[in-house]
Amino acid sequence: MSFDLALRGVNLPTGETGVDIGVKDGLIAEIGHQLGPAAQDIDAAGRLATTPFVDAHFHLDATLSLGMNGERNESGTLAEGIALWGRMAPGITAENYRERAMRYCDIAVSQGLLAIRTHVDVTDRELLAARTLAEVKREVVPYLDLQLVAFPQMGFFCREDMADSIREALAFGVDVVGGAPHLERTAELGRASITALCEIAAEAGAMVDMHCDENDDPQSRHIEALTYETQRFGLQGRVVGSHLTSMHSMDNAYAARLIRLMAEAEMQVVVNPAVNMHLQGRYDDYPKRRGLARVPELLAAGCRVAFAQDCVLDPWYPLGRADLLDITWLAAHACHLTDTTGLAASFDAVTRAPAELMGLDHFGLRPSASADLVVLAAADPLEAIRLRPARTHVIRRGVVIAETPAARSALSLPNRPSALNPAVDFKISGA
Ligand code: FE2
């Protein structure tokens, strides 16, 4: 067979080395050694080729808005971020939503990030952000899979007709039902919002992804109710608990029981290590809590866990650069996943796991999967996490859509090499 494109000599996340990937008509046609000719060859000898990075939790409506209205979140709390967004959002135009979202998608593509699940605030009755991002979703689909979550940022009960708005959003292109039970005015209302939202999702055949227990309160246990309703409505495997930061502070015995129930309900979990650690622990003296869900325990119980970015340059978070390797590097440290298995799971948590969670079946390193691939200036997943190197080639449907040269420093030192290549020169002596 003659291929349209072939990656030559790549390493795979499974540990296989020196492999060719042959692409034909936008699909992976063959994976093997010394494959036949191709119209275009990419010599990627010794470099890691992977399925794309996938961000399962983001806020595209708020991104790149840091300081836009002259204010910044000075306390670093979730509460100040929400208040700031509440003042900013009503003044944002459709064009402004669109311009920032499109610009972020450009940056994402350059980082090999080819799928994003974004929560979209549906507080306003006109649903301006959701309508605009539904258009953006259609516009970027040739190069990026965007999934939208109807997110009542100010609470499901902030207005009486929120259920109608969510149904309306699902009808014009929003994919997933969101929520934030811990932000309702009382715990009872939070509980009621979970039931109402799961009912809407079950009716519509939609997935659910709720911001849940995003605080340091060990008594914030909405994930328990979300788990229960997942089973009651038969939504197993279609529900995500995002953040779950209160799990960090829960009693161990309660957490162990909760995790068993979550695994039974096939609850999926998205952890946002950078933003969670930034926003949590803000009311603590010392020691300051990290505020992360119990990732090793959830993984051990068989729950699907993804690591996500959440925010970049917005009222909640002043940093970030659309790099899921930054996120997994941070998560590996903060969750004590720095053993061999933990690092492999960390790489999985920004590639395979979030793709499965979003139902992106077309991604995969197998014949007939979509030829959506990323080549990195690193030999394997561990080195990718360690160096967070350039994504030298980003490929969508068999076409190279972004290229970044591998980093190289020129040195001017007596009797030393004239150049330094981090992917090569950090190698352990004798390895
Ligand atoms: Fe979020």
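This is a predicted model: local features need pLDDT of at least 70, side-chain atom pairs count only at pLDDT 80 or more; totals for chains, interfaces and linings use all residues.
Local features need pLDDT of at least 70, side-chain atom pairs count only at pLDDT 80 or more, and totals for chains, interfaces and linings use all residues. Residues are numbered from 1 along each chain as its sequence is written, and side-chain values use heavy atoms, with hydrogens and water left out.

**Exercise 1.** Find the protein donors of the iron ion.

*Solution.* Start with the cut-off: donors are N, O and S atoms within 2.8 Å of the metal (3.2 Å for Na, K and Ca), and since water is not among the atoms, sites may look incomplete. Next, pick out H57 (NE2), H59 (NE2), H211 (NE2) and D310 (OD), which lie 2.2 to 2.5 Å from the iron ion. Finally, read their spacing in sequence: H-x1-H-x151-H-x98-D.

**Exercise 2.** Are H57 and D310 buried or exposed?

*Solution.* Recall the limits: buried means under 20% relative accessible area, exposed over 50%, partly exposed in between (1.4 Å probe, protein chains only). H57 has a relative accessible area of 0%, so it is buried. D310 is at 3%, so it counts as buried too.

**Exercise 3.** Describe how the rings of F53 and F347 pair.

*Solution.* Rings of Phe, Tyr and Trp (its six-membered ring) pair if their centres lie within 6.5 Å; planes under 30 degrees apart count as stacked, over 60 as edge-to-face and the rest as tilted. For F53 and F347, the centres are 6.1 Å apart and the planes make an angle of 75°, giving an edge-to-face pair. Well done: this is one of 4 aromatic pairs in the whole structure.
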